[in-house]
Amino acid sequence: MELDDSTSPSEGEEDGSIDVPQPSSKLGRCEPCRAGYTKCDGQTPVCGPCARKNTRCIFSVTPTARASLSGYTSRSCLMCRIKKKACGRELPSCASCIQRNVICQYDYAPISRVQMRKPGQLANLNPSGRPAKSPRLSMPARPADRKRPLTQMDDRRQPNKGSSVISDDISDSETDVRSTAKSASVTSTDLLQLFQRSPKKDMEPRSNSIEVMENGTPGTMDSDMQDTSTWLAELKEAILHRTDMSKPGYGTQAKRELARLSQTQKDNPGIMDITPDKGDLTMPPRKVADRLLAVYLTREYVNLPIFHLPVFRAQYTKIYTSEKARDDKAIHHALLNVTFALGSIATDPNNHFDASMYFIRAQRLLRLGSLGTDSLATIQAHILVSQYLIAINNFRAAWKSIGLAIRIAETLRLHLAAGSQHYEDRVDRELARRLWHSCILLERTIALSLGSTTIVTPRSFQAPLPTPLENEYVDVIFGGTPAESSERPSIIEFFTASTRLMERYEDIVAVQEAFRPIISHPHKLMDTCEFTNLLTADRRLCNWMTALPPFLLPGSTHSSLENPVAKRQHNILRIRYLTIRLLLWRPLLALVAASPDLIHSTASSDNPDKASEVIDTPIIHTIISSGACKCILSAQEIINFLTESRLPNGKIDHQAPLPVWWENVTSVFTCALIFLAARLCPVELHKQLPGGSDSIEVGWKRCIELFNEYRTFNSKAGTYLIAIESLATSVAEIASTDVSRANDKESDSPRINDVTWLETLPDDLPCLV
């Protein structure tokens, strides 16, 4: 049973408004004993079982005792008796019948359980002569000529774009959030107005955590209505939910199972709620908070939408306007403090003091509730903490934090294919899916920086991908007017595309592990190497590219790219795709750099001898040469993106349509290593590049320039710069040795260079560097 905050012990002691009923035959058991089917001795203020379990003991008026009160009756209504539901026994109609929109009938002849099962008994319950049914809850409706998108690993397709995504169960809070602002452009100034206005009085904010349901919980059922068949049905439903074999939909059994899980999570022996310190609940001035939150929403939230924005805005406004905001859960204050920390360093990297202050405060608040009831808010907090730890280059702590988020999500069964299908409201279903895939997306992002090969969840992508709600298109998300185009880009389209791209992380790891032993002995390639994993990964990336929406395709001139959010998402996704491509082809570049003899010059068709040499060359060498070129070209395009978006004076533009600066630092480090390896490749490979050897040197110089800018506000960038300059010296020595060895015609020993450093990650650098 959910308890209202107004009846908490702290408030009851202050105003003395709570009267604990004395034990009597009419009061029955206390609420914890009723929920756990435990015999209660009725002692007050704490009964014997609650005293032994150290739980909160609460007595409420039972339905039998309620009959003596005004406005209640002593018997259950006919509909609740037949449906085997707990009846509130209110006059003239109980709450259950009002909710079902049926006639509440208290005047009826006694009937047996056998008679209750007969269909004929329901004939007179509805004026139309038919038994009443619950409203149909279905998935989003689609036109008949459009097929439902597949959700398999490699055959997923994007859902249809535009306003065609329609649901017959979209709630009022989802359709009321459209604003009629004059401009669709996204700026921090526009967002200040969005968060300074008060929420609609007639809109009930939706709960941001799926902690359901008060009606139908085991603790509210009468003992005479809990028979063996009902118990077995609930047991079967619990097993089907846990094993991911349950039917999708919000039915009676699914509702009861969700209620059971909610009650189980509240029974947390040994864990006590700790009151947060009042200093940690202190919030910055409203104007400062509006500015920081606007930066977070426009730079981070649109790429990782872990909130339902109308609910998040309502909670944010409540904390600053409500007098009881300090009595709210500490987790909500922790969420806001982490968003303030991210907003502080996203556009002002030198503002480390304020960011650290907000994050330390959030840590104290989050640890208070880390062992409490699992909820979506706790998952959101750990995701935000992981984002901030990535921003300050603490990848190991971020790996631990996202691991906690994944475990909590698995406790809520969000990882199952049908895990989110049982929630009644579509907003709750979509939020559950987004949170799970956000956890997996961050897990793989951190794994790329740590080089981790062990993933927490092997079947991470079996949960359905989210679909966009009406208020999540880029033209209306921050108060614009809906565009007339049928292909309106949504932030969820970018999110699902990024999620499906990260599915290929396992392919990258498999390719690297297959080629890593061969790099030390490249001439044994013909006998040991298998290219199956490489070709499979390449095919899957090509399939991913063809499924992109129009505004995310490379080289797109879609009209929606005038929107700064859509433009930035287009560039971010392109850089992420190039990074995956670079990592896929990097083992082939390492082979060429380790043994330049693998690449032979291409002969012209008018020279028969050279032509026969080309024919006799194994096709594997051609694949290696082409893959090495693609790796170098991917690094060049990434660096060009980052360089061309700088300010005219050469400084870093933190408002540019690019990834946040802490992601770019790692990308520049990886690209610099690629250019160093390219220096060891033979001239024949350089000739296949559009700019030849000069393009490699241009890319290297741009990496140095970017690091010189990053080091002005980030100490790690200075460490990376020293590392690549040290590697550049070693590569120059290796290259000079290769030239002298090539001039020595009497030497028949193959040239093998040690290029283990090509897989260097920032976390691998020695402390002395």
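**Exercise 1. Work out how α14 and α16 are oriented to each other.**

Step 1: Start with the axes. Those of helix α14 (residues 330–346) and α16 come within 9 Å and cross at roughly 25°. Here, axes are lines fitted to C-alpha atoms, for helices over the stretch in contact, and angles run from 0 to 180 degrees between N-to-C directions. Helices are DSSP runs (H or I, at least four residues), numbered from the N terminus.

Step 2: Pick the word for that angle. Angles under 35 degrees count as roughly parallel, over 145 as roughly antiparallel, 65 to 115 as roughly perpendicular and the rest as oblique. α14 and α16 are therefore roughly parallel to each other.

Step 3: α14 crosses α16 in a left-handed way, meaning the near helix is turned anticlockwise from the far one by less than a right angle.

Step 4: Look at the residues that touch (heavy atoms within 4.5 Å). Among them are Leu335, Val338 and Leu342 of α14, plus Ala381, Leu384 and Tyr388 of α16. This contact splits into twelve nonpolar, four polar and no charged residues. Ala, Val, Leu, Ile, Met, Phe, Trp, Tyr, Cys and Pro count as nonpolar, Asp, Glu, Lys and Arg as charged, and the others, Gly among them, as polar.

A quick word on the model: it's predicted, so local features need pLDDT of at least 70 and side-chain atom pairs pLDDT 80 or more, while totals for chains, interfaces and linings use all residues. Residues are numbered from 1 along each chain as its sequence is written, and side-chain values use heavy atoms, with hydrogens and water left out.

**Exercise 2. Classify the pair α25 and α28.**

Step 1: Helix α25 (residues 619–644) and helix α28 (residues 692–710) have axes that come within 10 Å and cross at roughly 45°.

Step 2: That makes α25 oblique to α28.

Step 3: Their crossing is left-handed.

Step 4: The contact includes Ile632 and Ile639 of α25, and Ile696, Arg702 and Cys703 of α28. Its residues divide into six nonpolar, five polar and one charged.

**Exercise 3. Find which element gives the most to the lining of the second largest pocket.**

Step 1: List the elements giving two or more residues: α12 (286–301), α16 (376–391), α18 (426–450), α20 (505–519), α23 (564–594) and α26 (661–679).

Step 2: α23 gives the most, with eight residues.

Step 3: Check the classes: the lining has 20 nonpolar, 13 polar and ten charged residues.
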